Amino acid sequence: MDELGARAAAFAARHPRHARLRRVGTSRAGTPLLLLSVGHGSHQVLVVAGPHANEPVGGATALRLAERAVADPRLTEGADATWNLLLCVDPDGLRRNEGWLTGPYTLGRYARNFFRPGFREQPEWLPDGPDRATLPETRTLLALQDELRPFLQCSLHGVDVGGGFVELTHDLPGLAQRIAHTAARLGIPRELGAYDTLYWPDLGPAVYRIPPPRRGDLTAAITEAAVDSTWCNPRRHGTVTAVVEAPMWAVAAVADASPPPDRDGVLRAVSRTLRQDTRRLHRVLARLRPHLAEVPEAAHLLAPVDDYLLVCPRLADAWDPDTDDGTGRSLPPMNTSHLVALRLAGRRLSLRTAGLLHQLVTRTGGDPAGVLSELDRLVDEGCADYRDGCAAHWIPVGRQVEYQTRVVLAAFELAGRRVGAGARSGEPGRGSEAAVPMRRD
């Protein structure tokens, strides 16, 4: 986190005519929230890095976008655009991942040092609406949206295991083709059936439409993004939001759009494994919880544990073709990529929970509940399934960054065309502005 701020300050010092760095807020722990701006145009772009604490690639992508914007005047003067790069919106959470950030990049090291705050402590979510946002990081982001009124907002995320995809609040025709070209050039699989978007409309391969927010309970909010968020909040400004997901460990099978030979058999196996892992994790937590009263920051680690253990049974029921989950909703048509994504997602929930509990045990200074060996087994089983069962392999950070950068630049060009073409009826802030000329690759 400190290195990210230092690099941004050095960049601004090297390019004083084009770039400036300012503090736009402060995190809960007192860390500055830094905004690096490049260009002086009237059309604003807002790029949000680090919205999820365990997804660090966005900070490096933000710096690379700054370098591209300075190097290519078509991205600034030529487009009458200013790039506003929020370097990390959850710096406190990012610090809690520093146990794996310096490598070596192995699944086991990542799992045992993973941190992501509980649902209500994630800056992009607005479970009670924007007017009742309490996190200072969230309030900072909302204030930036209102100050800048960006025509494009890009939220930079990182899939831990899987493939790349994009979620959009508005269609950007042509983006799917750009993603396909970039992914092929960089060896990044496109996730054609992402778990997060199971019930969302497709806008093209690996591009999904974010549905309008609706009221829902906590489990629905976590599993379906059913509540309001900072993705949808700036719609009143005519903002297009693109959530850009870049994988850390790639799984080629997420790009397999073929019909599955035994859909129901795979779904039963995925649901069964998730239920078994959840029962094991519940037993571990029950034994461990009495020993956590004096553990520093135990509440920060327990909050996401409780969230995951709350949603796991619901997801297992929702994916099981033999179980009525009470929603009255049936599973959509599914190809092989969907089934692979659900397998990865089930393991992800188990691994995250086991990793957080593993950290709680180590912070006790011993193993007072005698659960460390069981947690190690859970972590090792999950990592082996990813590595051996799904052929997950690490993507070098430079390639992750370049993939994310190219997708953002494609969204920038296409959103600029949308500005020039005028808005569809009912979308504010469109149609009265000059066209935004964009670079052509």
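Predicted model: local features only at pLDDT ≥ 70, side-chain atom pairs only at ≥ 80, totals over all residues.

Trainee: How many aromatic pairs does a search of the whole structure find?
Mentor: Rings of Phe, Tyr and Trp are taken as a pair if their centres lie within 6.5 Å. With that criterion, the search of the whole structure gives a total of 12.

Trainee: Is the pair of Phe-151 and Phe-412 stacked, edge-to-face or tilted?
Mentor: The ring centres of Phe-151 and Phe-412 are 6.0 Å apart, and their planes stand at 45°. Planes under 30 degrees apart would count as stacked and those over 60 as edge-to-face. The pair of Phe-151 and Phe-412 is therefore tilted.

Trainee: How many residues apart in sequence are the parts that Phe-151 and Phe-412 tie together?
Mentor: Phe-151 belongs to the loop between helix H6 (136–148) and strand E6 (152–162), whereas Phe-412 belongs to helix H13 (residues 397–421). The pair therefore ties together parts whose separation in sequence, in residues, is 261.

Trainee: Is Phe-412 buried or exposed?
Mentor: A residue counts as buried under 20% relative accessible area. Phe-412 has a relative accessible area of 0%, so its state is buried.

Trainee: Which kind of aromatic pair do Tyr-195 and Trp-319 form?
Mentor: The centres of the Tyr-195 and Trp-319 rings are separated by 5.9 Å, with 90° between the planes. Since an angle over 60 degrees is the criterion, the pair of Tyr-195 and Trp-319 is edge-to-face.

Trainee: Which helix holds Trp-319, and where does Tyr-195 lie?
Mentor: Both residues are buried, because Tyr-195 has a relative accessible area of 15% and Trp-319 one of 2%. The pair ties together parts that are 124 residues apart in sequence. Tyr-195 lies in the loop between helix H7 (175–186) and strand E8 (202–204), and Trp-319 in helix H10 (residues 298–319).

Trainee: Over which ring does the charged end of Arg-329 sit?
Mentor: A charge of this kind is within 6 Å of the ring centre and within 35 degrees of the ring normal. The charged end of Arg-96 sits over Phe-115, at 5.2 Å from the ring centre. For Arg-329 the distance to the ring centre is 3.6 Å, and the ring is that of Tyr-199.

Trainee: What span is expected for helix H2 at 1.5 Å a residue?
Mentor: Helix H2 covers residues 57–71, which amounts to 15 residues. Its buried residues include Val-57, Leu-63, Leu-65 and Ala-69. From first C-alpha to last, H2 reaches 21 Å, close to the expected span of 21 Å.

Trainee: How are H10 and helix H11 oriented to each other?
Mentor: H10 and helix H11 (residues 336–363) pack with their axes 10 Å apart, at an angle of about 155°. H10 passes H11 in a left-handed crossing. Angles over 145 degrees count as roughly antiparallel, and H10 and H11 are therefore roughly antiparallel.

Trainee: What is the handedness of the crossing of H9 and H10?
Mentor: The axes of helix H9 (residues 263–288) and H10 come within 9 Å and cross at roughly 150°. The two helices are therefore roughly antiparallel to each other. The crossing of H9 and H10 is left-handed.

Trainee: How far apart in space are Leu-186 and Glu-381, C-alpha to C-alpha?
Mentor: Leu-186 lies in helix H7 and counts as buried at 11% relative accessibility. Leu-186 and Glu-381 are 195 residues apart in sequence. In space, C-alpha to C-alpha, their separation is 30 Å.

Methods:
Residues numbered from 1 in each chain as written. Heavy atoms only, no water. Helix = DSSP H or I, 4+ residues; strand = E, 2+ residues; numbered from the N terminus. Buried < 20%, exposed > 50% of the residue type's maximum accessible area, 1.4 Å probe, protein only. Expected span 1.5 Å × (residues − 1). Axes fitted to C-alpha atoms, helices over the stretch in contact; angles between N-to-C directions. Parallel < 35°, antiparallel > 145°, perpendicular 65-115°, else oblique. Left-handed = near helix turned anticlockwise from the far one by under 90°.
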